[in-house]
2 protein chains.
Amino acid sequence: MRPRPPLTPLIAALPSTVPFVGPEAQERERGRSFRARIGANESSFGPSPRVIARMEAVARDMWMYCDPDNFDLKVAVAAHLGLSADNVVIGEGIDGLLSLVARMYVAPGDAVATSLGAYPTFNFHIAGVGGRLVTVPYENDRESLDGLLAAIAKDKAPLVYLSNPDNPMGSWWEADELVRFIEALPETTMLVLDEAYGELGPASALPPIDISRPNVIRMRTFSKAYGLAGIRCGYAVAEAQVIRDFEKIRNHYGVSRMAQIAGVEALADQTYLQSVVARVASGRRRIAGIAEANGLKPLLSATNFVTIDCRSDGAFALKVLQALLSRDVFIRKPMAPRLDRCIRVSVGLDHELDIFAEELPGALAAARGN
Amino acid sequence: MRPRPPLTPLIAALPSTVPFVGPEAQERERGRSFRARIGANESSFGPSPRVIARMEAVARDMWMYCDPDNFDLKVAVAAHLGLSADNVVIGEGIDGLLSLVARMYVAPGDAVATSLGAYPTFNFHIAGVGGRLVTVPYENDRESLDGLLAAIAKDKAPLVYLSNPDNPMGSWWEADELVRFIEALPETTMLVLDEAYGELGPASALPPIDISRPNVIRMRTFSKAYGLAGIRCGYAVAEAQVIRDFEKIRNHYGVSRMAQIAGVEALADQTYLQSVVARVASGRRRIAGIAEANGLKPLLSATNFVTIDCRSDGAFALKVLQALLSRDVFIRKPMAPRLDRCIRVSVGLDHELDIFAEELPGALAAARGN
């Protein structure tokens with residue numbers, strides 16, 4: 001074989017198969033479009049009309065580089081949360097920020113704690129720096145705070161991941177429980193608290209932001225409630241020194257000018273946001289009703305999706321998923337043991353939930369082999 | 001001091017000051033806007049009207065995640081270059097791709113060869129993985145191919161960076177010289193050939209693309225000739241296995257849906273691209289004429305900027321730069337020894353070059369202390 005530039009040992013050891021299969025790839029493989037796109041926890045309600053108008057207006061300005069400081073958006077986020085811009089860093093979605101956190105806090109061989117079945121992109125980025133994942137099973141469909149604390153102590157993990165509200169289960173912890181968790185953390189363990197769905201659940205699930213604490217990074221996004229998943233913009237809030245440390249390695253020109261402008265405008269339209277929150281709550285009730293009408297058990301959700309217990313095993317739920325996909329309904333499902341008995345349905349537009357309601361009985365019958 | 005989560009030793013050792021100061025930051029500091037934005041090698045002519053119309057039309061679709069495969073854009077790039085999509089990876093501008101290449105090929109302590117005064121973002125990303133930069137001085141305002149080969153051999157560098165056409169000098173090597181350079185590289189040394197300005201110079205400066213060779217990665221962008229710097233989209237072309245290796249660590253949802261769509265449309269409007277190339281050539285001649293009329297020496301350029309020898313030392317050129325900034329003309333200058341005698345002026349709109357022509361004599365007089 002011809003000699004070639006060797007990858008670093010760390011990268012050479014990584015698998016080249018990746019966990020990211022979007023609905024577009026499935027459509028290409030199937031050769032036809034989905035009729036209902038309710039699988040990726042996107043916001044079918046779209047961004048605010050004000051945001052759309054602003055994006056249209058600035059399209060012609062895209063010849064200019066983005067501001068590498070993300071200044072206007074940092075200021076807007078800080079004002080929105082009552083913080084200083086020194087406590088905010090903007091990234092290419094939460095995913096981009098997770099990649100940076102992995103590089104900042106995880107050396108090869110370090111243990112990193114997360115829940116078994118939690119966000120796979122976090123795991124992907126931990127693998128990318130040679131971290132060693134320590135996974136803790138969910139308990140009663142919630143991430144196990146005590147289990148995570150035990151894993152951190154046992155493995156001396158410098159980093160732990162928790163999403164609240166949780167994806168893929170839709171469950172959540174109330175703020176006081178989270179505060180207890182945070183206070184029980186070793187001071188040298190960094191917590192990534194992923195609040196991607198934070199705007200969509202009860203306010204009581206969000207602990208007050210304490211930016212004096214150097215071991216918590218809160219992450220939020222414009223991808224979910226704000227309806228801007230395609231623009232790639234998220235942010236992290238933390239103590240100022242933590243934020244400064246991101247500067248050492250982040251891609252300073254990574255967040256597009258369009259994303260920065262859209263983010264500022266999105267934050268400015270809280271009226272629209274509240275209308276989306278109400279529509280999502282209504283959609284959750286509708287999905288739960290459809291599930292119950294079919295003898296399934298919807299889980300309570302603080303997100304823009306409902307996870308549905310199919311009342312059988314993982315193999316059965318997988319068949320339900322496949323039967324829905326074959327009926328042109330794009331949904332997803334958890335794959336970890338115990339969680340895998342469920343399917344996960346995002347709140348879509350009314351006509352999409354109509355299609356889900358129409359197709360679910362047939363999909364269940366097909367999964368049962370009837 | 002309160003204990004805190006430690007950064008990895010590699011990240012802890014990095015400086016927290018960063019080299020990225022955009023014109024927006026300068027405007028904030030000055031408290032007023034620039035009248036001519038001709039410093040960042042953006043395309044003042046903007047993107048194609050077709051691209052603008054397409055971005056406007058899809059703004060409302062940004063609630064959907066981007067395709068993590070970047071499929072349509074990869075296919076379009078491949079078709080444009082006569083390659084397979086397996087030879088293409090899309091990234092958040094060339095900057096994002098450089099960060100990945102650093103992680104893929106550079107282990108802590110490895111030597112990496114580049115030219116003294118070449119692209120600082122490359123250096124930033126090499127520092128971010130603990131690489132050790134080995135810099136080779138320019139010769140006659142061109143990157144030194146022989147010098148780079150010697151540095152690679154001496155330091156056993158697994159990675160070398162070369163931009164052609166070059167930033168910040170605007171100079172270039174003809175294809176046959178580059179082919180000689182590539183053939184002289186050790187087979188285990190990866191070359192990043194940054195062709196960000198590739199569409200703007202003579203076609204004879206671009207060697208044929210040989211995707212059978214596993215040690216060359218060609219990088220191009222929509223930021224320059226295509227006028228889409230703010231949308232953050234670039235691509236790399238290489239042998240298929242090299243491309244697959246990017247999959248191991250890239251942020252699969254890093255390139256926005258807007259960027260992917262704009263990129264496809266931009267490639268489809270080659271008529272517009274050619275009109276920009278012609279306008280840039282005309283703008284270069286205009287800048288050169290202004291420089292000569294003021295007793296300065298414009299360097300030949302294959303890019304969308306002209307680097308101007310101020311016929312004195314670095315201190316003098318710095319004064320010229322500062323005097324232009326104070327006159328609300330945003331330009332930049334090289335800072336490395338020998339190159340620092342120059343200022344760098346991007347091709348702008350006619351009225352911006354008018355302002356440059358008006359202000360240059362006063363700026364020179366101020367720099368001379370008159």
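Predicted model: local features only at pLDDT ≥ 70, side-chain atom pairs only at ≥ 80, totals over all residues.

Residues are numbered from 1 along each chain as its sequence is written, chains are lettered from A and ligands numbered from 1 in the order in which they are written, and side-chain values use heavy atoms, with hydrogens and water left out.

At the interface, 85 residues of chain B are in contact with 85 residues of chain A, contact meaning heavy atoms within 4.5 Å. The two chains bury about 7500 Å² between them, 59% of it from carbon and sulfur atoms; this is the accessible area (1.4 Å probe) lost on putting the two parts together, summed over both. Trp63(B), Tyr65(B) and Lys248(B) supply 12% of the area that chain B buries against chain A, more than any other three residues.

Across this interface there are 12 salt bridges, each a side-chain nitrogen of Lys or Arg within 4 Å of a carboxyl oxygen of Asp or Glu. One of them joins Arg257(B) to Glu24(A) at 3.2 Å, N to O.

Turning to aromatic rings, the count over all chains is 16 pairs, where rings of Phe, Tyr and Trp (its six-membered ring) have centres within 6.5 Å, and planes under 30 degrees apart are stacked, over 60 edge-to-face and the rest tilted. Tyr197(B) and Phe305(B) pair edge-to-face, at 5.4 Å centre to centre and 80° between the planes. Finally, Phe20(A), Phe124(A), Tyr65(B) and Tyr253(B) form one aromatic cluster.
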